[in-house]
Amino acid sequence: MTLADLKPGFADAVFEAQAGFRALLDAFAYAGRITTVDLKLDPPAPLDVATAAVALTLFDFDTPVWLEPAVASGPVAGWMRFHSGSAIVAATGEAQFAVICDAAAMPALTGFSIGEDRYPDRSATLVIQVPSLTGGPATRWTGPGIDGAIEVAIAGLPDDFWAQWDDNHALYPLGVDVIFACGREVIGLPRGIKVEA
(Lines give C-alpha, C1' and ligand atoms only; values in the text may rest on other atoms or scores of the structure.)
Protein backbone atom coordinates (compact mmCIF):
# COMPACT_ATOMS: atom_id res chain seq x y z
CA MET A 1 0.00 0.00 0.00
CA THR A 2 1.33 3.43 -0.92
CA LEU A 3 0.53 6.75 0.71
CA ALA A 4 -1.67 7.56 -2.29
CA ASP A 5 -3.79 4.47 -1.51
CA LEU A 6 -4.23 5.41 2.16
CA LYS A 7 -7.79 6.30 3.15
CA PRO A 8 -8.19 9.51 5.18
CA GLY A 9 -8.92 9.59 8.90
CA PHE A 10 -10.72 12.40 10.71
CA ALA A 11 -10.96 15.65 8.74
CA ASP A 12 -10.81 17.64 12.00
CA ALA A 13 -8.89 15.38 14.36
CA VAL A 14 -9.56 17.33 17.58
CA PHE A 15 -13.27 18.02 17.08
CA GLU A 16 -14.11 14.58 15.69
CA ALA A 17 -12.09 12.70 18.33
CA GLN A 18 -13.98 14.66 21.00
CA ALA A 19 -17.31 13.77 19.36
CA GLY A 20 -16.27 10.12 19.13
CA PHE A 21 -15.17 10.10 22.77
CA ARG A 22 -18.50 11.58 23.92
CA ALA A 23 -20.37 8.88 21.98
CA LEU A 24 -18.25 6.15 23.57
CA LEU A 25 -18.70 7.63 27.05
CA ASP A 26 -22.47 7.53 26.51
CA ALA A 27 -22.27 3.95 25.25
CA PHE A 28 -20.46 2.81 28.41
CA ALA A 29 -22.42 5.01 30.82
CA TYR A 30 -25.68 3.58 29.46
CA ALA A 31 -24.70 0.01 28.71
CA GLY A 32 -27.00 -1.78 26.28
CA ARG A 33 -28.31 1.37 24.62
CA ILE A 34 -27.52 2.01 20.98
CA THR A 35 -25.41 5.14 20.52
CA THR A 36 -24.91 6.72 17.10
CA VAL A 37 -21.41 7.79 16.09
CA ASP A 38 -22.28 10.77 13.93
CA LEU A 39 -18.99 11.17 12.07
CA LYS A 40 -18.13 11.17 8.37
CA LEU A 41 -15.53 8.54 7.60
CA ASP A 42 -14.64 6.34 4.65
CA PRO A 43 -12.53 3.64 6.30
CA PRO A 44 -10.79 0.76 4.56
CA ALA A 45 -12.78 -2.47 4.24
CA PRO A 46 -13.94 -4.33 6.21
CA LEU A 47 -14.22 -1.59 8.88
CA ASP A 48 -17.60 -0.01 9.53
CA VAL A 49 -17.68 3.72 10.29
CA ALA A 50 -18.29 3.06 14.01
CA THR A 51 -15.37 0.63 14.26
CA ALA A 52 -13.06 3.08 12.50
CA ALA A 53 -14.24 5.94 14.73
CA VAL A 54 -13.45 3.91 17.85
CA ALA A 55 -9.95 3.25 16.51
CA LEU A 56 -9.28 6.89 15.63
CA THR A 57 -10.69 8.07 18.97
CA LEU A 58 -9.05 5.62 21.40
CA PHE A 59 -5.92 4.21 19.78
CA ASP A 60 -2.53 5.92 19.97
CA PHE A 61 1.17 5.07 20.01
CA ASP A 62 0.82 3.69 23.59
CA THR A 63 -1.94 1.21 22.71
CA PRO A 64 -0.94 -2.15 21.22
CA VAL A 65 -3.73 -3.40 18.95
CA TRP A 66 -4.58 -6.94 17.84
CA LEU A 67 -6.25 -7.47 14.47
CA GLU A 68 -7.56 -10.80 13.25
CA PRO A 69 -5.09 -12.24 10.69
CA ALA A 70 -7.28 -11.61 7.62
CA VAL A 71 -7.61 -7.93 8.57
CA ALA A 72 -4.00 -7.52 9.73
CA SER A 73 -2.74 -8.56 6.30
CA GLY A 74 -4.85 -5.96 4.46
CA PRO A 75 -5.00 -2.16 4.31
CA VAL A 76 -6.51 -1.73 7.81
CA ALA A 77 -3.21 -2.32 9.63
CA GLY A 78 -1.39 0.39 7.65
CA TRP A 79 -4.34 2.76 8.03
CA MET A 80 -4.35 2.30 11.81
CA ARG A 81 -0.58 2.64 12.13
CA PHE A 82 -0.59 5.83 10.04
CA HIS A 83 -3.53 7.56 11.74
CA SER A 84 -3.02 6.42 15.35
CA GLY A 85 0.59 5.30 15.62
CA SER A 86 -0.52 2.06 17.29
CA ALA A 87 1.65 -1.02 17.20
CA ILE A 88 -0.11 -4.05 15.69
CA VAL A 89 0.64 -7.11 17.85
CA ALA A 90 0.43 -10.78 16.88
CA ALA A 91 -0.67 -12.21 20.25
CA THR A 92 -4.11 -11.48 21.72
CA GLY A 93 -2.68 -11.38 25.24
CA GLU A 94 -0.41 -8.45 24.35
CA ALA A 95 -3.22 -6.21 23.13
CA GLN A 96 -4.81 -3.30 24.94
CA PHE A 97 -7.39 -3.16 22.16
CA ALA A 98 -8.60 -5.75 19.67
CA VAL A 99 -10.54 -5.13 16.48
CA ILE A 100 -12.66 -8.11 15.44
CA CYS A 101 -14.54 -7.88 12.13
CA ASP A 102 -15.55 -11.56 11.88
CA ALA A 103 -17.40 -11.90 15.18
CA ALA A 104 -18.57 -15.47 14.53
CA ALA A 105 -14.94 -16.67 14.31
CA MET A 106 -13.48 -14.51 17.08
CA PRO A 107 -10.95 -15.89 19.58
CA ALA A 108 -12.08 -16.80 23.08
CA LEU A 109 -12.35 -13.94 25.56
CA THR A 110 -9.90 -15.79 27.83
CA GLY A 111 -7.12 -15.17 25.31
CA PHE A 112 -7.15 -11.43 26.02
CA SER A 113 -5.66 -9.58 28.97
CA ILE A 114 -7.99 -9.34 31.98
CA GLY A 115 -5.77 -6.87 33.86
CA GLU A 116 -4.01 -7.40 37.18
CA ASP A 117 -5.25 -7.25 40.78
CA ARG A 118 -3.42 -3.97 41.35
CA TYR A 119 -4.10 -2.67 37.83
CA PRO A 120 -7.48 -3.88 36.56
CA ASP A 121 -7.39 -1.07 33.99
CA ARG A 122 -4.64 -2.94 32.12
CA SER A 123 -7.23 -5.25 30.61
CA ALA A 124 -8.17 -5.36 26.94
CA THR A 125 -11.10 -3.68 25.25
CA LEU A 126 -12.54 -5.61 22.33
CA VAL A 127 -14.18 -3.76 19.44
CA ILE A 128 -16.44 -6.40 17.90
CA GLN A 129 -18.07 -5.56 14.57
CA VAL A 130 -21.38 -7.38 14.13
CA PRO A 131 -24.00 -7.56 11.36
CA SER A 132 -26.78 -6.15 13.55
CA LEU A 133 -27.26 -4.67 17.03
CA THR A 134 -30.95 -5.58 17.05
CA GLY A 135 -31.48 -8.77 15.02
CA GLY A 136 -29.93 -11.42 17.24
CA PRO A 137 -31.12 -13.58 20.14
CA ALA A 138 -32.63 -11.59 23.02
CA THR A 139 -30.49 -11.12 26.12
CA ARG A 140 -31.25 -9.35 29.39
CA TRP A 141 -28.61 -6.96 30.76
CA THR A 142 -28.43 -5.65 34.33
CA GLY A 143 -25.85 -3.63 36.21
CA PRO A 144 -24.38 -0.12 36.53
CA GLY A 145 -25.92 2.45 34.20
CA ILE A 146 -29.02 0.34 33.52
CA ASP A 147 -32.34 1.26 35.12
CA GLY A 148 -33.58 -2.17 36.14
CA ALA A 149 -32.88 -4.25 33.04
CA ILE A 150 -32.58 -3.76 29.31
CA GLU A 151 -33.15 -6.22 26.46
CA VAL A 152 -30.39 -6.36 23.86
CA ALA A 153 -30.33 -8.56 20.72
CA ILE A 154 -26.88 -8.52 19.10
CA ALA A 155 -26.50 -10.73 16.03
CA GLY A 156 -23.52 -12.63 14.66
CA LEU A 157 -21.77 -13.72 17.86
CA PRO A 158 -20.36 -17.21 18.53
CA ASP A 159 -22.88 -19.60 20.08
CA ASP A 160 -20.95 -19.68 23.35
CA PHE A 161 -20.25 -15.95 23.57
CA TRP A 162 -22.64 -15.26 26.43
CA ALA A 163 -21.33 -18.23 28.42
CA GLN A 164 -17.86 -16.76 27.94
CA TRP A 165 -19.17 -13.38 29.05
CA ASP A 166 -20.61 -14.92 32.21
CA ASP A 167 -17.13 -16.23 33.08
CA ASN A 168 -15.62 -12.82 32.26
CA HIS A 169 -18.19 -10.99 34.43
CA ALA A 170 -17.36 -13.31 37.35
CA LEU A 171 -13.76 -11.98 37.29
CA TYR A 172 -14.87 -8.43 38.14
CA PRO A 173 -13.09 -6.04 38.78
CA LEU A 174 -10.84 -7.85 36.30
CA GLY A 175 -12.03 -8.86 32.84
CA VAL A 176 -12.32 -7.48 29.34
CA ASP A 177 -14.71 -4.76 28.17
CA VAL A 178 -16.51 -4.86 24.82
CA ILE A 179 -17.72 -2.32 22.29
CA PHE A 180 -20.12 -3.77 19.72
CA ALA A 181 -20.13 -1.83 16.45
CA CYS A 182 -22.39 -1.93 13.41
CA GLY A 183 -22.61 0.71 10.70
CA ARG A 184 -22.58 4.03 12.55
CA GLU A 185 -23.78 2.64 15.89
CA VAL A 186 -22.18 1.19 19.00
CA ILE A 187 -23.25 -0.56 22.19
CA GLY A 188 -20.97 -0.61 25.22
CA LEU A 189 -20.63 -3.71 27.40
CA PRO A 190 -18.47 -3.02 30.47
CA ARG A 191 -17.22 -6.01 32.48
CA GLY A 192 -19.54 -5.12 35.38
CA ILE A 193 -22.69 -5.90 33.37
CA LYS A 194 -24.45 -9.21 33.94
CA VAL A 195 -26.04 -10.74 30.84
CA GLU A 196 -28.72 -13.43 30.89
CA ALA A 197 -29.01 -15.22 27.56
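Visitor: Which residue in β3 is the bridge partner of valine 65?

Guide: Strands of a sheet pair through backbone hydrogen bonds, either parallel or antiparallel. In this predicted model, valine 65 has isoleucine 88 in β3 as its bridge partner. Strand β2, residues 65-67, is joined to β3 by two bridges, and these strands run parallel.

Visitor: In what order do the strands of the seven-stranded sheet stand?

Guide: The order is β1-β9-β8-β5-β4-β2-β3; the sheet is open and its pairing is mixed. At the edges stand β1 (35-36) and β3 (88-89), each of which pairs on one side only. Helix α2 packs on this sheet, where it touches β4 (97-100), β5 (125-129), β8 (177-182) and β9 (185-189). The direction of α2 makes about 135 degrees with that of β8. Helix α5 lies across β5, β8 and β9, and runs at about 150 degrees to β8.

Visitor: Which strands form the open sheet of three strands, and in what order?

Guide: That sheet has the order β7-β6-β10, with antiparallel pairing. Its edge strands are β7 and β10, each pairing on one side only. From one strand to the next, the twist averages 35 degrees. Helix α5, residues 161-170, packs on this sheet and touches β6 and β10. The direction of α5 makes about 150 degrees with that of β10.

Visitor: How many bridges pair β6 with β7?

Guide: Strand β6 (residues 139-142) pairs with strand β7 (residues 150-152) over three bridges, in the antiparallel sense. Three bridges also pair β6 with strand β10 (residues 194-196), again in the antiparallel sense.

Visitor: Let us turn to helices. At what angle do α2 and α4 pack?

Guide: Two packed helices are described by the angle between their axes and the distance between the axes. Helix α2 (residues 49-58) packs against helix α4 (residues 75-84) at an angle of about 35 degrees, and their axes are 9 Å apart. The crossing in which α2 passes α4 is right-handed.

Visitor: Which residues in α2 and α4 meet?

Guide: From α2 come Ala52, Ala55 and Leu56, which meet Trp79, Met80 and His83 in α4. Sorted by class, this contact of α2 with α4 has five nonpolar residues, one polar residue and no charged residues.

Visitor: What is the volume of the largest pocket?

Guide: Rolling a probe the size of a water molecule over the atoms shows where empty space is left. In this model, the largest pocket has a volume of about 230 Å³. Helix α1 (residues 13-29) gives the largest share of the lining, four residues. Among the lining residues are Phe21, Leu24, Leu25 and Phe28, together with Asp121, Asp177 and Arg191. By class, the lining of the largest pocket divides into six nonpolar, three polar and three charged residues.

Visitor: One last feature remains. Which residues does a cis peptide bond join?

Guide: The angle to read is omega. Alanine 45 and proline 46 are joined by a cis peptide bond, with omega about 5 degrees. Proline 46 is found in the loop between β1 and α2. Another cis peptide bond joins tyrosine 172 and proline 173, where omega is about 15 degrees. Proline 173 belongs to the loop between α5 and β8.

Technical notes: Residues numbered from 1 in each chain as written. Predicted model: local features only at pLDDT ≥ 70, side-chain atom pairs only at ≥ 80, totals over all residues. Heavy atoms only, no water. Pairing = 2+ DSSP bridges. Axes fitted to C-alpha atoms, helices over the stretch in contact; angles between N-to-C directions. Contact = heavy atoms within 4.5 Å. Left-handed = near helix turned anticlockwise from the far one by under 90°. Nonpolar A, V, L, I, M, F, W, Y, C, P; charged D, E, K, R; others polar. 1 Å grid on protein atoms, 1.4 Å probe; cavity = no way out; pocket = protein on both sides within 12 Å on 5 of 7 lines; lining within 4 Å. Points joined across faces, edges and corners; volume = space filled by probe spheres on them.
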